[in-house]
Each structure stands twice: as structure tokens, then as C-alpha cells.
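Subject: Structure handover

Hello,

Here is the structure I said I would pass on. Please open it first and then read the notes below.

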Amino acid sequence: MKNLVMGATLLAATSLAGVTQAQALTVGVSIPAADHGWTAGIVYHAERVAEKLMEEYDDLNVIVKTSPDPASQANAVQDLAVQGIDALVILPTDPDPLVNAIMQVKMEGTFVTLVDRAPSNNDNSVRDLYVAGNNPALGAVAGEYIAETTPDAKVVVIRGLPIPIDQQRQDGFDAALEGTNVDVMEKQFGNWNRDDAFRVTQDFLTKYPQIDVIWAQDDDMVVGVLQAIQQAGRDDIQYVIGGAGSKDMIKKVMDGDPMIPVDVLYPPAMIGTAMELTVAGMMDQVPVAGSYILDATLVTPENAENYYFPDSPY
Amino acid sequence: MKRISGGAGESMRDDTERGGKAIILETAGLTKSFGPIEVLHGIDLTVCTGEIHAVIGENGAGKSTLMRLLAGNLKPSGGDIRIDGQSVSFANPTEAEARGIVLVHQEILLAPDLTVAQNIFLGREINRGLAVNDRVMNAEALKAVGELGADIDPETPVSRLSIAKRQLVQIARVLLTPHRVVIFDEPTASLTPVETDALLKVMRAIRDRGVAVLFISHRLNEVKEIADTVTVLRDGHKVATHAAGELEPSDMARLMVGRDVSKLYPDRKQDDNGEAVLEIEGFTVPGYAKDASFRLRKGEILGFAGLVGAGRTELMEGILGLRPGRGTVRLKGEAVHFNAPIAALKAGIVYLSEDRKGKGLLLSKDLRTNLTLAALDRFTKALMVDRNAEDKALDAAIRDFDIRTGSKELAAGELSGGNQQKLLLAKMMLLDPEIVIIDEPTRGIDIGNKEQIYKFIAELSKAGHSIIVISSEMPELIGLCDRIVVMRSGEIAGEVTGEGMNENEIVVLATGVAGNRHEMAGAR
Amino acid sequence: MSDSVKSEAGSGFLKNIDLRVMAPFLALALLLVLGTFSNPNFLTVNNLMNVATRSAFIAIIAVGATFVISAGGLDLSVGAMVAFVASLMIMFINAAAIANPYLLLVAAMILAILIGMACGLLNGVITTVGRIEPFIVTLGTMGIYRGLTTWLSQGGAITVRDFEVQQIYRPAYFGTVLGVPVPVIAIIATALIGAFVLYRTRYGRHVIAVGSNEEVARYSGISVRNVRIITYLIQGLCVAVAVLFYVPRLGSTSATTGMLWELQAITAVVVGGTALRGGVGRIWGTICGAFILEIVGNIMLLSNFISEYLIAAIQGAIIIIAMLVQRSLLRRQ
């Protein structure tokens with residue numbers, strides 16, 4: 001494996017130095033550092049697709065940079081610009097503080113692809129291409145599944161952190177359940193953290209003698225939720241719905257675990273989609289500018305295999 | 001010796017008599033109570049312009065309380081304070097300052113990282129527009145310090161100044177306020193003789209401008225030298241007010257204590273024949289002491305004299321492994337090297353620091369914890385500290401060292417200075433040491449306790465312990481020791497014994513200059 | 001001054017000591033009353049056991065922090081240390097070098113203890129021998145332990161892969177002995193040992209002496225350096241013990257494991273009456289402080305009248321109010 005990578009890099013390097021040097025293209029990829037499961041998935045997929053692209057296109061160079069916070073990401077973007085890039089694929093740690101750095105790159109004529117997190121002025125002054133998962137749909141899909149499968153369910157919700165993405169998901173969920181018989185008893189924040197989700201679930205179980213469904217919004221938190229249910233020895237909970245598509249949860253869906261019948265996709269692999277599209281637009285000269293919103297696909301035992309990446313850390 | 005009797009009734013002549021000087025400040029029947037306890041009982045005090053009026057008394061006699069009443073830091077419980085014959089009352093120090101009464105605190109209350117000028121003008125900065133006007137303040141500060149006869153760059157950070165210069169800056173800061181009465185609370189406590197002399201000169205200069213100077217001090221020779229009038233307090237009562245010329249230091253001491261204390265030092269039988277228990281050869285503590293050699297005999301009390309900064313404390317700390325040092329140390333003929341304090345303690349040498357509160361005792365902890373701290377392994381049984389044994393040890397220490405405490409549960413910080421020193425002595429004696437090194441055994445301790453501590457030291461030597469006493473009080477060394485080693489600038493300048501143990505000899509050795517007696521005398 | 005002497009000598013003395021030590025327990029009692037009104041399920045054995053069990057990690061870590069803080073130190077790295085030790089422990093289990101699952105677990109536990117102590121030792125040696133402020137040192141090692149964990153896990157989760165091992169280990173967190181959850185027993189055992197060492201042994205006395213005045217300790221022949229290093233070692237040991245109960249709960253760690261636990265541990269210590277500046281240490285107060293932190297969260301969740309958005313604000317306010325009440329009780333004496 002390692003040899004292969006080395007070979008590919010070598011190949012890319014020689015071809016850069018060779019005849020095609022004049023047309024050689026460089027794509028910079030700026031993403032958050034792996035600080036939790038989902039971003040770890042982003043890093044994994046960015047590196048995976050970078051390798052694959054460089055193998056496919058001889059005269060393509062892809063540089064992947066990770067940054068822990070907006071300030072260092074702004075620096076990273078500047079560094080990339082100095083190195084000379086033809087396209088920038090960026091998943092901002094926090095979009096608004098980074099808008100100026102991105103616009104600067106774009107004004108120099110660089111093709112900019114923005115992924116997942118959009119600034120308030122998400123238009124073509126900031127980016128050429130926008131690729132994102134569908135946050136409201138992530139909530140809506142979960143809500144619809146609950147309304148369909150268990151129309152009279154008593155539900156508790158474990159949210160993430162109080163930030164806009166979380167609110168969008170919650171709004172989508174609430175909208176999907178409007179007018180149904182599903183009873184959402186309470187919502188609490190679990191901070192996208194397993195230990196906090198465990199704690200919140202324990203307290204929910206203490207508070208409510210009957211819970212049918214728990215929507216935990218994120219697969220990491222589901223780990224804590226399942227442990228709390230098991231410890232309480234309660235059998236009233238019929239199932240738990242997470243979100244995002246971690247390999248552990250996809251595996252459970254694949255294996256037909258009754259507690260995890262489905263998962264809702266908000267895949268970190270979307271960074272790969274963005275990179276593929278960007279390179280396609282530049283190398284193959286097909287039009288790609290615009291917005292690409294990925295569906296929040298409902299992962300079921302039937303289609304789970306397509307979304308299972310056993311090598312990914314997430 | 002002329003006998004002068006104490007007692008409020010026999011206070012000196014009528015106030016207006018004092019050389020025709022005008023009365024500026026007086027108190028009548030001034031009392032102060034904390035809760036149900038009255039600590040000042042009806043003090044009548046009269047202060048005139050152009051005089052230095054010393055207030056003396058043992059610790060706890062009420063000197064500081066009286067000064068704080070006058071400066072507005074405390075409110076009286078009864079009686080009257082009058083300025084120019086007019087009754088006043090101060091809610092806070094600012095109101096007292098407005099009437100011209102200012103206080104120079106004993107502690108240095110300056111911000112170390114600010115410059116001299118910034119400190120002097122702290123809280124009353126001169127502005128130009130929105131910004132502070134450093135140029136003007138620096139010039140004013142230079143002038144203010146110059147008036148005290150000092151030459152200090154106003155832009156120097158205070159942290160770089162010596163203690164004496166800091167004190168001058170503090171005085172300059174106080175004198176910037178228009179003033180008619182200046183109160184000095186033990187200003188010379190931490191100064192060297194030369195510095196003390198300079199400060200006394202400043203005080204005289206202030207007096208000669210017609211200002212009244214109130215002055216608290218423990219150093220009776222100093223009081224004798226500078227004061228015009230002396231008021232003695234004892235247990236919250238005014239005992240007497242006399243013209244300074246009528247009192248010798250021994251009279252002052254008697255009035256303070258209320259009994260005859262001419263016999264301060266215990267009688268000792270000297271024995272020069274004991275074998276050497278500790279021999280030091282060529283010992284160097286980098287930066288403090290160089291190539292020092294001396295020997296200590298069994299049962300001996302060896303004094304160490306010298307000016308502040310001569311390196312006496314540092315030499316001892318170096319020998320005991322409390323700071324880095326090198327040289328030969330022989331304990332009963334055997335060469336040893338202490339690289340950590342514990343090694344010296346185990347070998348039977350203890351050191352009682354001059355800094356009792358900072359290095360000797362845990363002020364917030366109870367007496368028991370303090371007593372057994374150094375010897376805790378003796379009180380440990382099966383991993384556990386044996387509290388019963390600790391209790392017994394505390395009872396014994398309180399009895400043997402006459403530690404006066406209201407309760408055994410008090411924190412060490414709540415004891416008086418003298419009792420703290422006794423507790424520290426008891427703590428170190430628990431280690432059953434052969435050699436005891438005591439640094440400034442009676443600093444800040446009143447005369448009654450002093451006498452007791454001298455007695456303990458003499459008894460220890462009689463019991464076969466060898467003792468080194470470091471002190472800045474020459475009479476103490478002369479009265480107590482068999483021999484005195486004198487240090488100067490980190491080196492051993494000489495040794496005096498027998499007839500040679502007099503202040504003159506010591507001063508010559510300590511300063512390296514013959515006939516320098518006057519400066520040294522100021523140190524007390 | 002002299003009247004305080006009198007009152008301390010007399011009956012006032014008992015009251016004085018009691019109130020200072022009792023204050024956190026009074027606060028806990030008040031919270032229990034508050035909780036009872038907030039939800040009928042609050043005062044059930046089940047709920048209280050849940051809360052006590054959950055507080056085990058912070059409580060056990062905070063016992064170690066009590067030693068460090070009493071000696072005048074500080075350790076900010078404990079949260080990251082939990083993640084680091086737990087990750088290595090799980091990786092060792094996954095490497096499955098030993099076939100017998102019971103032996104494997106015992107070996108993993110011993111390894112965790114050793115790693116925890118090594119991490120603590122590192123903190124202690126750098127602060128004392130290097131003479132660097134513990135705040136900075138442990139901030140640095142916090143980054144190191146956290147970064148190494150993220151690197152080991154590649155940012156994702158590290159999970160016990162062997163289902164059998166996990167089932168064997170599970171009772172360490174979820175099991176009970178005579179109806180008492182194992183982690184609660186662990187809290188009590190840790191506190192008993194901690195209290196014995198701090199209050200009854202020579203070493204404990206030395207810790208308090210060093211924390212209340214380093215110079216006095218040095219002049220009394222105490223090796224300040226060794227005393228301090230050992231407090232960090234104890235802290236590392238406590239972290240490792242907490243890890244022994246953390247791993248069986250979820251069987252996995254992630255990059256967010258132990259996040260901000262250092263602040264919770266320090267809060268528990270201070271709420272329990274230990275002085276941040278050193279010189280005073282209260283083990284049982286610390287345990288009580290850990291309970292208080294956990295119970296505040298529990299009450300918030302069980303009560304129906306607080307918006308989910310406001311919970312953090314109210315938790316912060318309750319902790320400050322608890323401290324204010326404590327202080328004012330002390331001042332009134």
C-alpha cells in the first residue's frame with residue numbers, strides 16, 4: 001500500500017517535471033483537523049480521494065491541509081495561495097470568520113469549492129461550487145421514518161451543540177412530525193459526545209416510564225444511548241435513530257440490529273464528492289459551478305453496504 | 001543611676017511648658033475597644049510642633065493602635081482627638097490627611113514593578129489631557145526624593161531599589177501630602193546602621209521645618225538619640241511622658257516592662273575546654289560568603305556579628321544544605337557534606353530561621369502540626385501519625401518553653417512573636433539536636449520574652465548543646481556568648497573573646513574602619 | 001482577637017470546625033431537597049445510584065486533584081490523561097497478546113495503572129525539577145496526551161473489538177455488590193484510602209505543610225520536591241483508576257473523551273472546601289463536590305421548567321451560589 005502511494009507520488013512528480021508541466025494543475029484542500037469522529041472521516045476521505053485523483057490524472061497535484069481552528073485555517077489558506085493553486089476545496093471550521101480569506105483567494109482567479117458549512121453570504125462572490133449535505137433533510141428523514149414506522153411513538157431527542165447546523169436538523173425533524181401523532185416529549189443537548197449522551201439518556205429513562213424512540217441525531221452519541229438503555233434494562237424503547245453514517249452504526253444496520261434499524265446519511269465522504277467535481281470541472285472542462293446538495297439518504301439493511309468504509313476511522 | 005518612677009500621675013510637666021512650642025495634636029481620655037475588650041485605656045497625649053515624640057512600649061502595649069486612631073485607620077471608642085484645640089473625628093485616613101496627619105507605614109507598601117515616580121504619584125497622577133504627564137511627575141519625584149537627601153532616579157522600578165531606598169520613596173510619597181504631623185511606625189526595623197543614620201537625619205530635617213514627628217520604635221538607643229519627648233505605654237495605659245534627656249535606655253526598658261530588667265542576660269560559667277563538635281574550613285557560598293573557617297565547641301555559645309548583608313545567614317544556610325555551598329565541614333572530626341536540609345537535621349544540627357513567619361512556622365496551622373512537623377517520623381506508628389503522642393509533646397512544649405496560648409487549638413499565627421519563637425525552639429528541640437543555630441533569636445520580640453529566650457539558650461548550652469547565635473544586636477551577643485565571630489562582606493573578619501567582647505572591637509571588625517562606633521550604635 | 005481566642009477555646013471551637021467541613025454537605029442536602037421538588041422520580045434509589053455512579057470518574061480523579069492542589073500544585077492534564085490511558089488500555093486489549101480473556105483484562109488494568117502513574121510522574125518531574133509553573137506544564141502535557149490520543153485513534157474512536165472481553169469487563173461499571181454499584185464502591189474505597197493518606201500519615205502532613213508554606217517545609221527538613229512529585233503520581237494513579245471504570249462503560253474512547261474533566265475535577269475540589277492556593281485538603285468534601293456537580297445536571301434535566309438552552313447558565317449560577325453560601329457561613333462565625 002505504502003509503496004503504491006510512493007509510486008503514485010513519484011509518477012505525479014515525474015510527469016510534473018516532464019512534458020505536461022505547462023498544464024499541471026494544483027488543487028489545495030483545506031479541512032478541519034480530526035477532532036471528533038465526523039471530521040476524522042473528512043480527513044480520511046480527503047486523503048483517500050486525493051490519492052485516487054493523483055493516480056487518475058498524471059499532471060494533477062492535490063495538497064491536503066488540516067487546521068484546528070479558524071485562525072490557523074486562514075493561515076493555511078494563505079499558505080496554499082502562496083504555493084500557487086488553481087483550485088481550492090475548503091470545508092471551513094467556522095465559515096463566517098474565514099469568508100475574507102476565501103474571497104481573497106477567489107479574487108486571484110482561483111476556482112473555489114465550498115463544502116458543508118456555508119457563510120451567511122453563500123453566493124458566487126465567495127465560491128464557484130458549493131457541496132453540502134442536507135441538514136434539514138437529515139432531521140426530516142429521521143422524523144418521517146418515525147412517523148411512518150411508529151405513528152404513536154413517544155420520542156425523546158438528544159441534540160448536538162447549540163449551533164446553526166443543529167437547529168436546521170431540529171427544524172427539519174419538527175416539520176416532518178407536524179400534524180402526526182408522534183409525541184416529542186423532550187429535547188436536551190448531548191454535545192455530540194458519547195459520555196454526555198449516556199448521562200442525558202440515563203436521566204430521560206429516570207424521568208419517563210415509557211419511551212418508544214430516541215432520536216440522537218449523531219452516531220457517536222448513539223453509542224452512549226445504547227449503553228444507558230442496556231444498563232437500565234428497559235425494553236420499552238423500540239429503536240434509536242442516529243445520523244451521519246459512522247462505520248459502526250452502518251455495520252449495525254447491515255447486520256439487522258433491531259435497536260438500529262436505519263441510519264440517516266450525512267457522509268464525511270462528501271469532501272470526496274467536492275474534490276472529484278472540482279477536478280472534473282478543471283481537467284475535463286465540464287460545467288460544475290453551482291450548488292450540490294447531497295440527499296440525506298436513509299440507510300437501510302438493503303443499501304447499507306454502499307456506505308460502509310471499514311478502513312475509515314469513523 | 002537616676003530613678004524615675006512610672007505611673008500616669010507622675011507624667012511630666014504641663015504641656016505648654018515645652019520650650020514654648022505650640023500644641024498641635026492632643027488626645028484626651030482616648031479609648032479603643034475591640035468587641036468587649038478595651039485595648040487602650042484613656043490615653044492623654046500631647047504633641048507639639050517641631051518635636052520628635054517617641055512612643056515606646058512592648059508588643060501589644062497599644063502603640064500601633066494609638067497611631068492608627070490618630071491616622072484615621074481606626075475609630076476611637078471614647079475620648080477626644082483635638083487638632084489646634086478643636087475636636088475632630090476621622091472616618092478614614094483621607095480625612096486625617098486632609099487635616100495634615102500622615103502615616104508612614106512599617107511595611108513597604110509600594111508596587112514593585114512601577115517606577116519610583118509612578119509609585120509616588122500612584123492614585124494622584126498628574127494628567128495632561130487624557131494621558132499621564134510622566135515628564136512633570138518624574139521631575140517632581142526627583143525633587144521630593146532629593147529633599148530627603150537621596151539621589152534616586154525616578155524612572156527606576158522600585159523592585160531594583162534597596163529596602164532603605166524603598167522606604168525613602170515611601171516617605172517621599174507620604175510627604176507629598178500637605179502635612180503637619182508625620183507618624184513613623186518602626187521605620188528603622190529593617191535598616192542597616194548607615195541607612196538608619198540617614199533616616200534619622202531625614203526625621204530631624206522634617207522636625208526642623210516645624211512639623212510634629214511621632215515615632216514608634218523598639219530600639220531604645222535610637223530613641224535616646226533622636227527623640228525630644230518620650231511617651232511610654234504599657235498594657236494600653238500611658239505610663240509616663242518625659243523629656244528624652246531625662247531617661248536612659250535602661251529607664252525606658254523598666255518603664256515599658258514595669259519591673260527591673262537590668263539583669264537581662266543569664267549568668268553563665270564559661271568552659272573553654274569542650275572538644276570541637278563542628279569545624280568549618282574554607283567554606284564558600286557563592287555570592288554571599290567566601291572561604292570562611294570557624295569551629296564550635298561542645299556546650300559553647302558562639303555569636304556571629306556583622307552588618308546586615310555580611311553573609312552570616314547565608315553562610316549557615318550553605319553549611320546546612322539550604323543553599324548551594326562548598327568547603328570542608330567536620331562534625332566531631334568526621335568530614336560530612338549536607339546536600340539537603342534533611343541531612344543536616346539527621347546529623348543533629350538544626351537551624352532556626354530569622355524569618356519565623358516565612359520559614360519557621362505554618363502560621364495558619366495549629367500548634368500541634370507546627371510542633372511535630374520536623375520530627376514527624378518520631379510520631380509515626382504503623383504508617384499513622386500518633387495524635388495522642390503529638391498532644392503529649394505539645395503539653396510538654398507548652399510547659400517547658402512557657403508558651404502562652406489561650407488554647408491549644410490556636411493557629412501558630414495567632415501567637416505573639418515571642419511565643420512563636422518559643423514554639424519554633426520547641427519544634428526544633430524535638431529533633432534532639434547537638435548543635436542549634438539560632439538566627440536573630442529576639443527580633444521583634446518584647447523584652448519580657450527576650451529574657452526568657454536568653455534563659456533557654458543558656459540552659460541548652462548547660463545541657464551540653466552547642467549553640468550558634470546570629471544577631472544584629474551587639475549587647476545581646478556580648479551578654480550571651482562565649483565567643484563572637486565577626487563577619488564583613490562575606491568573609492570572617494575576626495573573632496573576639498573575653499575582654500575583647502565589647503562593641504568597639506566588634507564594630508571595628510564589622511566595618512573594617514576604626515572609630516566608627518557611632519554608625520554601628522544606630523543599629524540598635 | 002482576644003475574644004476569638006475565647007470562643008475558640010470554649011464551645012465555639014466545635015462549631016467552628018464543623019461548619020467549615022460541613023458546608024459542602026449542607027449544600028448537597030439543599031440540592032437533594034430541591035431535586036425532590038423538581039421531579040417525583042428524583043428521590044429514587046435508582047436515580048440517586050445512577051448519579052452517584054456517573055460521578056465516579058470525576059470523584060476519583062478529584063481525590064488525586066485534592067492532593068495536587070493541597071500541595072500548592074495544579075494539574076490541567078487529567079482529562080486528556082483519561083483519554084490517553086483509556087486508549088492505550090483498549091489498544092492493548094485489542095492486540096490480545098494473552099489468550100485467556102481474564103488474564104488479558106488483568107494485564108490491561110495493570111498496564112493502565114502503570115501508564116497513569118507514568119503520566120503523573122512526568123507532570124511532577126517537569127514541574128519540580130524543571131521549576132516551571134504547574135499551570136503551564138500541565139497545559140502542555142494536556143496537549144501532548146490529547147494529541148497522542150487523537151493520533152492513536154486517527155481522530156476517530158478506539159473500541160474494544162472482542163465482544164467476549166467486553167462482556168466480561170462490563171460488570172466493572174454496571175455491576176453491583178449487595179445492591180451498590182461497583183463504581184460507587186470504588187469512590188468510597190478511593191476516598192477512604194485518600195483520607196487515610198492525607199489525614200493520618202506523615203506524607204499527608206507533609207503535603208499540607210508544603211502547600212501552606214513551601215519554605216517552612218524546606219527548613220523543617222521536608223523534601224518539597226519529592227512531596228510534590230508524589231502528589232502528581234497519586235493524581236496519575238487516580239486517573240488510571242477512573243479509567244478502569246470508564247472503559248467498561250462504553251467500551252470505547254474517542255477524541256472527546258475526558259474533555260473538560262480537568263475543570264470539573266478542580267471545581268469538585270474547590271466546592272468541597274479545599275483551598276486553590278494550597279495548604280488545606282478535604283477529601284470527603286471533594287467527593288461531595290463531585291456529587292454536587294453531577295446532581296445539579298441531573299436536577300436540571302429532570303425538572304420541567306428549564307429550557308434546554310439555559311442549562312449551562314443555571315449550572316454555573318448554582319455553583320457560584322453554593323460557594324457564596326459557603327463563604328458567607330464561614331464569615332459569620
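Why does C48(B) count as buried? C48(B) has 20 C-beta neighbours inside 10 Å, so it counts as buried. The cut-offs are these: a residue is buried if 20 or more other C-beta atoms lie within 10 Å of its own, exposed if 12 or fewer, and partly exposed in between, with C-beta atoms placed from the backbone.

Before going on, note that this is a predicted model, in which local features need pLDDT of at least 70 and side-chain atom pairs count only at pLDDT 80 or more, while totals for chains, interfaces and linings use all residues. Residues are numbered from 1 along each chain as its sequence is written, and chains are lettered from A and ligands numbered from 1 in the order in which they are written.

Back to C48(B). It sits in strand β2 of chain B, residues 37-48. Helices (H or I, at least four residues) and strands (E, at least two) are DSSP runs, numbered from the N terminus. In sequence, C48(B) is 166 residues away from L214(B), yet their C-alpha atoms are 9.9 Å apart in space.

Chain A

This chain has ten helices and twelve strands. Its C-alpha atoms fill a box of roughly 70 × 40 × 30 Å along the principal axes. Of its 314 residues, 51% count as buried.

Chain A with chain C

Here 27 residues of chain A are in contact (C-beta atoms, placed from the backbone, within 7 Å) with 26 residues of chain C. On the chain A side, the elements giving two or more residues are α2 (37-56), β7 (183-189), α7 (194-207) and α8 (219-232). The largest share, eight residues, comes from α7(A).

Two helices of chain C

Helix α11 (residues 202-212) and helix α13 (residues 224-250) of chain C pack at about 110°, with axes 10 Å apart. Axes are lines fitted to C-alpha atoms, for helices over the stretch in contact, and angles run from 0 to 180 degrees between N-to-C directions. The angle makes α11(C) roughly perpendicular to α13(C), a label for 65 to 115 degrees. In this contact, H206(C), V207(C) and V210(C) of α11(C) meet V224(C), V227(C), R228(C) and T231(C) of α13(C).

Regards

Definitions and conventions: Two residues are in contact if their C-beta atoms, placed from the backbone, lie within 7 Å. Angles under 35 degrees count as roughly parallel, over 145 as roughly antiparallel, 65 to 115 as roughly perpendicular and the rest as oblique.
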